[in-house]
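Reader: I'd like to walk through this model with you, one piece at a time. Can we start with a term I'll need and then get to the details?

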Amino acid sequence: MKVCLLTSFHNFSLAEPITRALAQENYITPTPIQRDAIPVVRAGRDLIGIAQTGTGKTAAFALPILDRLAANPKPLEKKSCRVLVLSPTRELSGQILDSFRTYGRHLRLSSTLAIGGVSMGKQVRALMGGVDVLVATPGRLLDLVRSNALRLNKVEVLVLDEADRMLDMGFIHDIRAIVAKLPAARQTLLFSATMPREVAALASQMLRDPAQVAVTPVASTAERIAQRIIHTERAAKPALLVEVLKAETIDRALVFTRTKHGADKVARGLGHAGIAAQAIHGNKSQGQRERALADFRAGRVRTLVATDIAARGIDVDGISHVINYDLPNIPESYVHRIGRTARAGADGIAISFCDAEEAAFLHDIEKLIRMAIPATGRRSQRPAPRAAAQRPHAGRSGQNGSGHRGSGHKGFGHKGSGQNGSGQNGSGRTGSDPAGSGRKRSRQHRRAQREQYAKVLPAKSGGDIASLPFMQRPR
Ligand code: AMP
């Protein structure tokens, strides 16, 4: 007997213009968070979604919201919005807006962005006549409300995206102030990669009888990532990075540093070594960040150097390599970082440099992910084996089939009116895709690399590099 699963967007009965846009984007199978969240949101319920970037969570809320707007069109009201999406960073906000515009491009809807770091005048003007969808960072949104450029009494749907990160970044008071101005009768959707106590408390105050859907995004994306540690001296890192970038078959590499200054220094060093690279971090202007991202997306620059905060919202398809130039001191950041590759079903490679001072960070990371990461040593003295490295492997956490890869059309370069669908070729690739016909070859090469790394896995890990069970950090 054939078992009938919900495997198509058609099963959701979304408005035809939305399914048409999805077909043009080559979205065929809903990801698990989409499969679980869309029916709940369409039914009008509040929702807590535990999912991180890379799982398709943006469409999980954008599609049912667009469907609601399409089913119930209303004239715009001055200085108002019907849907308010709050996100922690400017980049993520831009990407969310692009998603709304991409999926809603056959609908007559208006949308805009309210983010810090750019002049407020343009945003005030954009809000003058009202919009259907407003995507904002909390600080700028409050500024707009306080200067009477925006009223929040017409909001029908509130989305809090990456709630854990917003709280980490100290937005809690702004969020409370914003929510206090919203109508009580609204639908609220909260998405968070993790569910620490603070987020749970926020949810219990702001949501009404919420449904909860959770995907295990880190495990499902990380399973496809081949990880490797290279032990090295701190001073040898610049040369090692050049060596790695030259040796690997790179489609796009995202290099992480702990500090903004470090990101600039690494990008400059790569430039001197003849490797085009750009840095992206909080000290760059919005224009610089958007240009760097656009160059990276288009493949004009294949190496982007970023800090954790700047990279948090980066949604670029086709990152083949994540390189941790510095290991993060927060172990969860490691999991977030490596999740930048292997998005939506692709495989990827994560290489981390570890100097003597970072041995403790590595220990924490291995404890969190409950596996020893295969390592090669370059340092004169390798640290003593860590307790985490001795632990047996905790077993495979189960693949949950995260849909297939999207088109990568979400770039800042694709910010038209969003209403006429122009500029989309529906092929799922931009013309300037640097991988081109070499993509298959480089995929094979990476597979060979993965197998090679798997061979150096310590015997106790079971030799299975694909298995990366993830657990929430014990409290
Ligand atoms: P998100 O988690 O929302 O940042 O999405 C991650 C990436 O997956 C984005 O590049 C989306 O365009 C892509 N994506 C989301 N849903 C699907 C889907 N059902 N099929 C193919 N690609 C998708």
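Predicted model: local features only at pLDDT ≥ 70, side-chain atom pairs only at ≥ 80, totals over all residues.

Reader: Over to β2: how many of its residues are buried?
Author: Strand β2 takes in residues 81–86 and is mostly covered. A residue is buried if 20 or more other C-beta atoms lie within 10 Å of its own. In β2 the buried count is 6 of 6 residues.

Reader: Which residue of β4 is the bridge partner of V85, and which residue of β5 stands opposite L84?
Author: β2 pairs in the parallel sense with strand β4 (residues 131–136) over 5 bridges. It also pairs in the parallel sense with strand β5 (residues 157–160), over 4 bridges. V85 has as its bridge partner in β4 V135, and opposite L84 in β5 stands L158.

Reader: Now the helices: is α6 oblique or roughly parallel to α8?
Author: Helix α6 (residues 138–146) packs with helix α8 (residues 172–180) at an angle of about 45°, and their axes are 9 Å apart. Angles under 35 degrees count as roughly parallel. The angle between these two therefore makes α6 and α8 oblique.

Reader: What handedness does that crossing have, and how do the contact residues divide?
Author: α6 passes α8 in a left-handed crossing. The contact is made by P138, G139, L141 and L142 of α6, together with D174, I175, A177 and I178 of α8. These residues divide into 6 nonpolar, 1 polar and 1 charged.

Reader: How about D143: is it buried or partly exposed, and what separates its C-alpha atom from that of D174?
Author: D143 lies in helix α6. Because it has 18 C-beta neighbours inside 10 Å, D143 counts as partly exposed. D174 is 31 residues away along the chain, and the two C-alpha atoms are separated by 10.0 Å.

Reader: Is α2 roughly parallel or oblique to α3?
Author: α2 and helix α3 (residues 57–71) pack with their axes 9 Å apart, at an angle of about 30°. That angle is why α2 is described relative to α3 as roughly parallel.

Reader: How do the residues of that contact divide?
Author: The crossing of α2 past α3 is right-handed. On the α2 side, I33, Q34, A37, I38, V41 and R42 meet K57, A59, A60, F61, L63, P64 and D67 in α3. The residues of this contact divide into 9 nonpolar, 1 polar and 3 charged.

Reader: I always check backbone torsions. What is phi near for N26 and for E162?
Author: N26 lies in the loop between α1 (16–24) and α2 (32–42), and E162 is found in the loop between β5 and α7 (163–168). With 15 C-beta neighbours inside 10 Å, N26 counts as partly exposed, while E162 has 25 and so counts as buried. Each has a positive phi in a residue other than glycine: for N26 near 60°, and for E162 near 50°.

Reader: Last one: what share of the residues of the protein chain counts as buried?
Author: The protein chain has 18 helices and 14 strands. Among its contacts with a separation of 6 or more, 79% come from residues 24 or more positions apart. Of its 475 residues, the buried share is 49%.

Note on methods
Residues numbered from 1 in each chain as written. Axes fitted to C-alpha atoms, helices over the stretch in contact; angles between N-to-C directions. Parallel < 35°, antiparallel > 145°, perpendicular 65-115°, else oblique. Left-handed = near helix turned anticlockwise from the far one by under 90°. Contact = placed C-beta atoms within 7 Å. Nonpolar A, V, L, I, M, F, W, Y, C, P; charged D, E, K, R; others polar. Buried ≥ 20, exposed ≤ 12 C-beta atoms within 10 Å, placed from the backbone. Pairing = 2+ DSSP bridges.
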